[in-house]
Amino acid sequence: MYEEKENPTDPKAGLNILIAEDEEYNYLFLSEVLSDYQVNLTRAYNGKMAVDICAKDTSIQLVLMDIRMPVMDGYQATQLIKQQRPHLPVIAQTAYAMEADRSRALEGGFDDYLSKPLRKADLLKIIDQYAPENCPLREKTPSIVSGREGLE
Ligand SMILES: [Mg+2]
């Protein structure tokens, strides 16, 4: 027996992540890695969509933001999102792994930075780090420990 929040089939149970990514392959990689975890993914295909979704959907808890996207890039989108929701964690994902780009990403209002090609371990670590305390990143199959927590 688990509390409702422990039920992996409950769509409300997981962490609500917005992925802003224009390239199909990159999105599929992210959704594949996260398919083992209790997350609810929303996708934006450009920065403008990401801004609009964050404004309308207050349940979004974390954003993975591509830098290079059509219509509006990740820098501009993040600035607009942060004006509305300064505490919403926004993680940049960019092909540029150079230190200067990391600095630019952090100056640009991102909370942190993932360089492409993304590595599964880095992705999971950073999501875990920025997930809200009351909604940590959890695997879909509840462990015995989490089941006990659910019974308390
Ligand atoms: Mg892109």
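## What helix α3 packs against

The buried residues of α3 pack against β1 (15-20), α2 (47-56), β3 (62-66) and β4 (90-94). A contact here is a pair of residues whose C-beta atoms, placed from the backbone, lie within 7 Å. Helices (H or I, at least four residues) and strands (E, at least two) are DSSP runs, numbered from the N terminus. Please keep in mind that this is a predicted model: local features need pLDDT of at least 70, side-chain atom pairs count only at pLDDT 80 or more, and totals for chains, interfaces and linings use all residues. Residue numbers start from 1 along each chain as its sequence is written.

## The buried side of each helix

In α3, which spans residues 74-84, the buried residues are G74, Y75, A77, T78 and I81. Buried means that 20 or more other C-beta atoms lie within 10 Å of the residue's own. These residues sit on the same side of α3, because they cover an arc of only 160° around the axis. The arc is taken over the directions from the helix axis to the C-beta atoms.

Turning to α2, G47, A50, V51 and C54 are buried. Their arc around the axis is only 100°, so they lie on the same side of α2. The partners of these buried α2 residues are β1, β2 (39-44), β3 and α3.

## Where α2 meets α3

The axes of α2 and α3, lines fitted to C-alpha atoms over the stretch in contact, come within 8 Å and cross at roughly 15°. The two helices are therefore roughly parallel, a label for angles under 35 degrees.

On the α2 side, G47, A50, V51, C54 and A55 make the contact, and on the α3 side G74, Q76, A77, L80, I81 and Q84.

Methods. A residue is buried if 20 or more other C-beta atoms lie within 10 Å of its own, exposed if 12 or fewer, and partly exposed in between; C-beta atoms are placed from the backbone. Two residues are in contact if their C-beta atoms, placed from the backbone, lie within 7 Å. Axes are lines fitted to C-alpha atoms, for helices over the stretch in contact, and angles run from 0 to 180 degrees between N-to-C directions. Angles under 35 degrees count as roughly parallel, over 145 as roughly antiparallel, 65 to 115 as roughly perpendicular and the rest as oblique.
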